[in-house]
Amino acid sequence: MNLLNEYKDKSILITGGLGLIGSTIANKLVKLGSKVYILDAKIPIYGANFFNINDVKDNIEVEIGDIRDRDRINQIVQGKDIIFNLAGQVDYTYSLDEPHYDLDINCRGHLNILEACRRYNKDATVLFSGSRMQYGKVEYNPVDEKHPTNPLSIYGVHKLTGEKYHLAYNNHYGLKTIMFRIANPYGPRSQMKHYKYSIINWFIRLAMENKKITVYGDGSQMRDYIYIDDVADAFIQSAINKNAFGEVFNLGSGIGTRFIDMVNTIVDTVGKGEIVNVPWPKEWKNVETGDYISDISKIKNAIDWEPKILLKDGINKTYDYYKSNKSFYW
Ligand SMILES: NC(=O)c1ccc[n+]([C@@H]2O[C@H](COP(=O)([O-])OP(=O)(O)OC[C@H]3O[C@@H](n4cnc5c(N)ncnc54)[C@H](O)[C@@H]3O)[C@@H](O)[C@H]2O)c1
């Protein structure tokens with residue numbers, strides 16, 4: 001499939017488009033000739049950052065707005081060919097403290113997008129960014145899409161609900177929705193302000209500042225880390241592939257890495273940072289899923305995509321990015 005032909009002059013809406021995943025997609029789509037419109041609430045604790053779109057800012061329209069604002073959403077979806085629906089409350093521990101807030105953004109907000117499409121733009125393609133947290137305690141690895149879904153956090157419950165909404169609008173109304181369960185994304189353009197999500201990015205910051213990097217337990221838990229360009233490419237390729245419509249896909253690297261090995265790779269790459277092992281805090285233990293590795297065979301078969309960037313190279317690229325652009329993220 002020729003991406004340039006498919007995306008040239010397409011009208012694209014990216015909700016949450018100033019954040020990690022949305023802005024990476026935006027950068028790529030501008031280069032493919034699309035007309036990109038970003039709607040982002042710029043809520044301070046999340047990853048919104050104007051510098052994320054600095055290279056393409058003259059070719060993007062940005063509106064500070066909220067997916068919870070139903071009237072605005074009803075207008076903004078109109079005339080858009082593809083909607084990358086990435087706005088989200090991203091912090092899963094926060095979802096336990098503020099479940100109604102999580103509900104409002106991660107469920108009600110997404111329902112607003114879908115209802116707006118049903119009423120005013122039923123030909124749109126809508127992509128939803130769910131999470132591996134939807135699975136809960138892992139029963140087997142690698143985890144395929146048929147694995148039971150028993151989320152441990154409110155975030156996971158609401159992400160699962162968001163996915164079901166998108167699926168229902170495909171089933172009932174034929175809306176072209178595509179749903180992802182993303183593993184652990186990392187890379188350039190992520191927030192570097194706190195440890196609540198994008199842990200690789202946070203640890204790169206700690207290493208760059210030669211600080212202590214805290215590892216819970218022995219760090220032997222397995223995780224699936226996926227570089228941001230691989231995530232963005234999967235979204236971009238699936239949005240124009242009818243094999244993907246109405247489907248739920250795992251989106252990960254398909255490779256399990258022990259947490260402690262990830263940390264060691266960061267310390268080796270940056271050449272600084274001190275690893276300290278501490279016991280698991282109770283609130284984290286309650287939401288710990290156990291080892292997680294995505295089975296990505298479904299998406300690989302459906303859209304002819306596969307991850308390209310190995311963890312070591314991804315960490316290197318991420319470190320390089322923040323070395324050059326530190327002042328925009330610290
Ligand atoms: N980063 C992860 O670990 C991860 C993993 C799986 C899924 N996801 C999902 O992917 C999506 C994008 O996350 P990201 O990694 O780019 O995080 P991010 O924090 O970099 O981006 C999220 C963006 O959404 C915006 N936003 C939040 N609430 C909004 C609202 N009500 N209306 C409009 N904009 C709003 C924020 O301002 C931010 O720019 C989220 O839905 C997230 O839940 C993220």
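**Reading helix packing and burial**

Q: At what angle do the axes of helix α9 (residues 259-270) and helix α12 (residues 311-325) cross?

A: Two packed helices are described by two values, the angle between their axes and the distance between those axes. Here the axes of α9 and α12 cross at roughly 45° and come within 10 Å. This is a predicted model.

Q: Which residues of α9 meet α12?

A: On the α9 side they are M262, T265, I266, T269 and V270. Their partners in α12 are L311, K312, I315, N316 and Y319. By class, this contact has six nonpolar residues, three polar and one charged.

Q: How far apart are the axes of helix α5 and helix α6?

A: Apply the general idea again: take the angle and the distance between the axes. Helix α5 covers residues 99-120 and helix α6 covers residues 154-173. Their axes lie 9 Å apart, at an angle of about 10°. Angles under 35 degrees count as roughly parallel, so α5 is roughly parallel to α6.

Q: Which residues of α5 and α6 meet?

A: From α5 come P99, D102, L103, N106, C107, H110, L111, L114, E115 and R118. From α6 come I154, Y155, H158, K159, T161, G162, Y165, H166, Y169 and Y173. The contact of α5 with α6 divides into ten nonpolar, six polar and four charged residues.

Q: Is G19 buried or exposed?

A: Buried means under 20% relative accessible area. G19 has 11%, so G19 is buried.

Q: Where does G19 sit, and what does G19 touch?

A: G19 lies in the loop between β1 (11-15) and α2 (20-31). Leave out residues up to four places away in sequence, and G19 touches T24, D40, G47, A48 and N52.

Q: What is the radius of gyration of the protein?

A: The protein has 19 Å. A compact globule of 330 residues would have a value near 20 Å, so the two agree. The C-alpha trace spans about 55 × 40 × 40 Å along its principal axes.

Q: How many helices and strands does the protein have?

A: The secondary structure comes to twelve helices and 13 strands. Of the 330 residues, 57% are buried. Now take the contacts between residues at least 6 apart in sequence: 81% of them join residues at least 24 apart.

How values were computed
Residues are numbered from 1 along each chain as its sequence is written. This is a predicted model: local features need pLDDT of at least 70, side-chain atom pairs count only at pLDDT 80 or more; totals for chains, interfaces and linings use all residues. Side-chain values use heavy atoms; hydrogens and water are left out. Axes are lines fitted to C-alpha atoms, for helices over the stretch in contact, and angles run from 0 to 180 degrees between N-to-C directions. Helices (H or I, at least four residues) and strands (E, at least two) are DSSP runs, numbered from the N terminus. Angles under 35 degrees count as roughly parallel, over 145 as roughly antiparallel, 65 to 115 as roughly perpendicular and the rest as oblique. Contact means heavy atoms within 4.5 Å. Ala, Val, Leu, Ile, Met, Phe, Trp, Tyr, Cys and Pro count as nonpolar, Asp, Glu, Lys and Arg as charged, and the others, Gly among them, as polar. The radius of gyration is taken over C-alpha atoms; the globule rule is 2.2 Å times the number of residues to the power 0.38. Buried means under 20% relative accessible area, exposed over 50%, partly exposed in between (1.4 Å probe, protein chains only).
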